[in-house]
Each structure stands twice: as structure tokens, then as C-alpha cells.
Amino acid sequence: MLSADPRSVSLGGRPVHAMLVPIPIVCFVATLITDIVYWQTAAMLWADMSAWLLLVGLIVSLFAAPAGMIDFFGDPRIRKLRAAWIHGAGNVTALILSIFNCLIHTRDAYTSVVPSGLILSALVVLILLVTGWNGWALVYRHGVGVRQREQQ
Amino acid sequence: MKFAGFEATASAVILALVGCGPAPIDPSRQVGADPYLPPIHQYLLPPMHVAKVVGWNGATPSVPAGLKVQAFATGLANPRSLYVLPNGDVLVVETGGPPGPVSRPKELVMNWIEKMAHSRTKPGQRILLFRDTHGDGVPDQETVFIDHLHSPFGVVLVGNDLYVANTDAVVRYPYITGQTRITDPGVKLCDLPGGPIDHHWTKSLTASPDGSELYAGVGSNSNITENGIPAELGRASIWQIDRASGAHREYATGLRNPNGLQFEPQTHTLWAVINERDELGPDLVPDYLTSVRDGAFYGWPYSYYGQHIDPRVQPQRPDLVANAIAPDYALSSHVAPLGLVFSSGTSLPVHYRAGAFVGEHGSWDRTVLNGYKVVYIPFVDGRPSGPPEDVVTGFLVDGDKARGRPVGLAVDGKGALLIADDTGNSVWRVSAASP
């Protein structure tokens with residue numbers, strides 16, 4: 001447990017990274033689901049949904065990622081945590097893969113998903129499982145982004 | 001050191017994204033009956049290279065020695081197709097497509113690019129009539145012939161019936177020779193596939209030599225089925241419409257975006273120019289000029305040039321692909337042919353009197369621009385007999401700026417070639433330099 005308030009980017013006393021990061025996670029997980037449904041049905045609606053989900057996920061990541069990086073680079077105590085390195089490196093990788101995935105999803109029809117898009121979507125979700133596991137450890141075990149009880 | 005490594009990696013990634021794809025080949029390898037077809041290349045980011053529109057500013061297109069070019073009409077609002085009435089009056093169709101739908105993020109970008117590549121002028125959605133009363137080839141009277149149309153494109157006159165192909169229907173109007181304005185609301189002959197999605201919206205129109213049938217080109221509703229197979233019902237085909245009843249059947253299918261429907265004067269067979277698919281590389285798939293055989297399937301969307309499978313289409317239809325036929329004459333890739341006219345009726349030098357002119361609107365997804373000109377293809381016995389020759393050029397200036405873009409073609413009453421230029425908002429007239 002970090003002994004004093006970690007210097008996390010916050011808004012109204014709430015940690016920005018922790019508030020935003022669920023949105024891209026949900027989007028990228030949903031992308032895998034809609035990709036799988038498209039792969040099985042070849043109904044374009046599902047591929048279109050993947051494209052929107054990826055875009056929304058990436059746009060919110062544009063805010064969530066810098067907030068997380070500022071927390072990471074701004075606090076040497078966070079940088080000492082192994083879980084923080086895994087979380088950060090994994091999420092950056094997932095983000096780069098998702099940018100490529102977004103471009104692949106701009107192709108037309110079947111090859112916008114199968115196979116490259118689908119593989120990337122699955123890889124990203126696998127990475128997010130690992131980074132999420134480590135991210136929860138950062139918050140619940142190490143108190144990153146957690147405000148200490150007010151000192152009177 | 002660590003940073004230098006990162007920078008190198010980043011620039012490699014950016015290069016891979018931006019400079020992606022094979023270098024374009026010489027388009028001359030892709031013209032004629034047996035074009036070179038390179039392997040498929042699917043992009044991460046297609047090279048979108050649209051010519052910046054700069055306008056003519058008093059300049060004119062260029063033509064080879066023996067021909068001269070002059071402005072027939074200027075200051076128009078998106079002229080895209082032309083039709084010459086028997087008395088020599090010239091109809092100019094000012095038109096534009098309906099707004100594209102946004103079913104995924106890509107379309108936001110594509111709609112923007114399309115806007116960049118075209119004139120900023122709002123399309124007239126009407127037909128203008130130009131008359132040359134002095135007999136000097138240049139019109140001196142202009143009237144609004146038919147107003148308030150719905151993305152019109154094809155026009156054909158049979159007897160006293162004038163047919164206009166709007167994007168969603170063929171409409172018949174009564175016409176009396178010499179008439180300069182039609183106020184009759186017209187009668188719908190036949191619905192055509194229009195909205196809500198209307199990707200390829202230009203409906204080309206012609207009539208059989210005996211006047212009993214009309215033929216309408218109905219383009220596909222997507223590049224390659226990305227709007228779903230159901231959206232393609234009745235599309236990517238040429239419709240044969242019975243003039244008396246309005247009943248139709250699909251005369252030929254698998255033609256992604258057929259335009260310039262014309263009957264070849266010697267053999268009386270139907271020909272058309274076809275815009276083939278995008279985003280398989282700078283040199284796939286070559287657009288083409290072809291005779292259109294009754295009942296034939298030309299591949300789209302499942303395959304191209306016979307049995308070359310397009311992996312983007314699922315589920316595939318091997319039963320259809322097995323019967324897909326290759327077109328007659330490739331024009332090279334992404335030239336976007338939209339206009340076709342046979343030259344036998346012209347008063348141009350003899351060299352140009354036995355073939356076809358094709359108006360190439362020009363490429364948008366090829367690093368080296370292709371098209372943006374009018375070419376002449378010589379014919380012998382009703383078949384193409386040689387490579388295309390550039391006839392009207394100069395639509396591009398400084399390599400990648402567009403003064404205009406040629407679309408529909410026609411031959412006027414004096415045998416000159418007329419060219420609709422939708423981006424330059426003009427109609428050009430090409431005639432023999434001296435009698």
C-alpha cells in the first residue's frame with residue numbers, strides 16, 4: 001500500500017485513468033464479440049458495429065492512456081511496482097494493435113474482419129485480461145489512484 | 001540510443017502505413033483484350049490521391065494536331081451527361097448523386113474525399129437545352145428543358161417519347177421536335193433501384209435500334225458488398241425494359257458500375273464501359289469496355305476477369321463464378337470510364353471515324369493518377385482493334401491538379417465530339433481543325 005496520496009491525474013477528486021479505462025476495455029471486448037458474430041454470419045451489420053466500437057474505444061483511449069502515463073511517469077512509487085509495468089506495457093501494446101485493427105476494419109466486407117481483424121481483436125482481449133488483472137492489483141492492493149483518509 | 005531505436009521503429013511503422021502497397025505499373029500493360037493482372041494487395045490504408053480541383057481559368061483541354069477544341073458551354077452546375085436530339089439541339093444533364101449514408105466511420109472519410117474531388121457547385125438536377133441557330137457549332141440559345149429531376153443521368157429519345165433515367169425511375173415525357181422546354185410532369189415507365197442506399201447512382205440509358213426496348217445501367221450499391229448482399233438486389237446489371245409495358249429483366253449481370261450504354265452501329269450490339277472494384281491495389285481491377293451479351297454474368301462481386309476470386313465476398317458463389325466471362329477490352333485500373341460514344345457519325349478526321357471514344361473521369365485511389373482524359377479506341381468489324389489513343393487531355397495540370405474531369409460524351413449534329421466536364425462545369429466541343 002502506498003503510504004501517501006499518489007499523484008494521479010484526477011477530476012473532481014476522482015482518478016481520470018480509472019474512470020475512463022473501462023470504456024475502451026468494453027469497446028474492445030465487444031469488438032471481439034461482434035467480429036466473431038460477423039465471422040459466423042457474414043452479416044455486414046456486425047462488421048460495421050466492430051468498426052464503430054473500435055473507433056469509440058480508440059477515441060476514449062486518447063484520453064485514458066495519457067492520464068495513465070502521467071500517473072506512471074509522475075510517481076516513482078508506481079514505477080517501482082512490477083504490476084504497473086506489465087499494465088502499462090500491455091495496454092500500450094493493446095492500443096497499438098487496436099489502431100492497426102481499426103485500419104483493417106476500414107477494408108470492405110469479409111477481409112475487414114477475417115482473418116486479420118478477428119485475430120487482432122482476440123489478441124487485444126487476451127492482453128487486456130493480463131493488464132486488467134494487473135491494473136486491479138494496482139488499485140486494490142497498492143492503492144494507486146486511491147485517496148487516503150483525509151488528515152485532520 | 002534507446003530513443004533512436006524507438007524513432008526508427010515509429011518511422012518504419014508510419015512508412016508502412018502511408019507508403020503502403022506496391023508501386024503502380026505502367027497502365028499500358030493493362031489495356032486491350034488480355035490485361036496483366038497483378039496479385040491482390042489489400043491495404044492497411046488505401047492511397048487516396050485525389051486531384052485538387054483548380055478549374056480552367058480560361059485554359060482549354062489539349063487535342064492532337066488535326067483537331068480543335070472549344071468551349072461549348074461554361075458556368076454549368078455539374079454537367080455529367082449529354083444527349084443530342086435529331087434537330088441538333090444538345091441536352092446537358094446537370095446532376096449529382098444523393099448524399100452517401102454513414103453506416104461506419106469509413107464513410108465519413110469517403111464522403112469528404114468525394115467532396116474534395118468534385119466541383120463545389122451544387123448540381124442543377126435538371127436538363128438544359130442548347131441550340132446553335134447560327135450553324136457555327138457554338139450554341140446561342142439556352143433554355144431549361146426539364147427542371148426538378150431526381151439525380152438524372154441517362155436520356156434517350158424514341159419517336160416522340162423522351163425518356164429520362166432518374167436515379168430511381170425511368171420517366172417518359174412527350175417531345176415535339178423543336179421544343180425547348182417540357183413542363184409536362186411525365187409518366188413513370190419503370191422504377192429503378194434508388195435509395196435509401198444509392199452508392200452508384202448514375203443510371204445510363206439507351207434504346208435498342210428498333211426502339212422496342214430500353215437498356216438501363218444499374219450500378220452496384222457498394223464497392224464490394226460492404227453494404228450487404230441484400231442491398232445489391234437488381235444492381236450491378238443492365239436492365240432491359242420493355243418500352244410498351246415497363247416490364248424489365250436483367251439483360252446482363254455482374255457489371256459493377258455500367259455506364260455509357262451504346263449500340264455499336266455496325267453490328268448493332270450493346271456496349272458499355274464498366275467501373276471495376278477498388279482497394280485491391282493500384283492496378284486491380286482494370287476498368288473495361290465491353291460488348292454486353294444477353295444473359296451473361298461478368299463476375300461482380302464474386303470474381304473479376306473471369307474466375308479471379310475476390311476474397312472480400314462471402315459467401316462465395318462458385319456456381320456463378322464458373323460461368324463468369326471476361327470482358328472484351330481493359331482500359332487499365334481506376335480510370336473510371338463514365339462516357340462512351342461510337343465515332344462513325346462524326347465529321348472528325350478519318351483516323352477517328354471507326355471506333356469509340358471513352359471519357360475517363362479519373363482515379364482517386366492510386367498514387368499515380370490514371371484517366372482524366374478522353375481516349376479513342378479503333379474498331380474493325382465491330383471489335384476493338386488496337387490500343388487506346390489519348391485524344392482529349394489537359395484535364396490535369398502540374399501532375400496532380402484537376403482543371404476538370406470528363407464524364408459523358410456525345411456527337412453533335414455537325415459530327416463534333418462533345419464532352420461533359422462535371423468538375424470544370426463546362427461542355428467541350430472537339431471538331432476537325434480544318435475542313
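Reply: A nonpolar core is a set of buried Ala, Val, Leu, Ile, Met, Phe, Trp, Tyr and Cys residues joined through C-beta atoms within 7 Å. A residue counts as buried if 20 or more other C-beta atoms lie within 10 Å of its own, as exposed if 12 or fewer do, and as partly exposed in between, with C-beta atoms placed from the backbone. The model is predicted: local features need pLDDT of at least 70 and side-chain atom pairs count only at pLDDT 80 or more, while totals for chains, interfaces and linings use all residues. Residues are numbered from 1 along each chain as its sequence is written, and chains are lettered from A and ligands numbered from 1 in the order in which they are written.

Me: Which residues touch the most other members of the largest nonpolar core?

Reply: The largest nonpolar core has 92 residues. Another core, of 30 residues, lies apart from it and includes A:V16 and B:I224. In the largest core, the residues that touch the most other members are B:V92 and B:V170.

Me: Which residues does B:V170 touch, not counting residues up to four places away in sequence?

Reply: Two residues are in contact if their C-beta atoms, placed from the backbone, lie within 7 Å. Under that condition, and without residues up to four places away in sequence, B:V170 touches B:Y163, B:A165, B:L189, B:C190, B:L192, B:L205, B:L214, B:A216 and B:I241.

Me: Why is strand β30 of chain B largely enclosed by the rest of the structure?

Reply: Helices (H or I, at least four residues) and strands (E, at least two) are DSSP runs, numbered from the N terminus. In β30(B), B:L417, B:I419 and B:D421 point one way and B:L418 and B:A420 the other way, and all are buried. The strand, residues 417-421, is therefore largely enclosed, because the buried residues number five of the five.

Me: Which residue of β31(B) stands opposite B:L417?

Reply: Two strands pair if DSSP finds at least two bridges between them. β30(B) and β31(B), residues 426-432, run antiparallel and are joined by five bridges. On the β29(B) side, where the antiparallel pairing has four bridges, B:L417 faces B:V411. In β31(B), the residue opposite B:L417 is B:V430.

Me: Which residue takes a positive phi in the hairpin of β29(B) and β30(B)?

Reply: This hairpin has five residues between its strands. The hairpin of β30(B) and β31(B) has four, with a positive phi of about 50° at B:N425 in the turn. Between β29(B) and β30(B), the positive phi, near 85°, belongs to B:G415.
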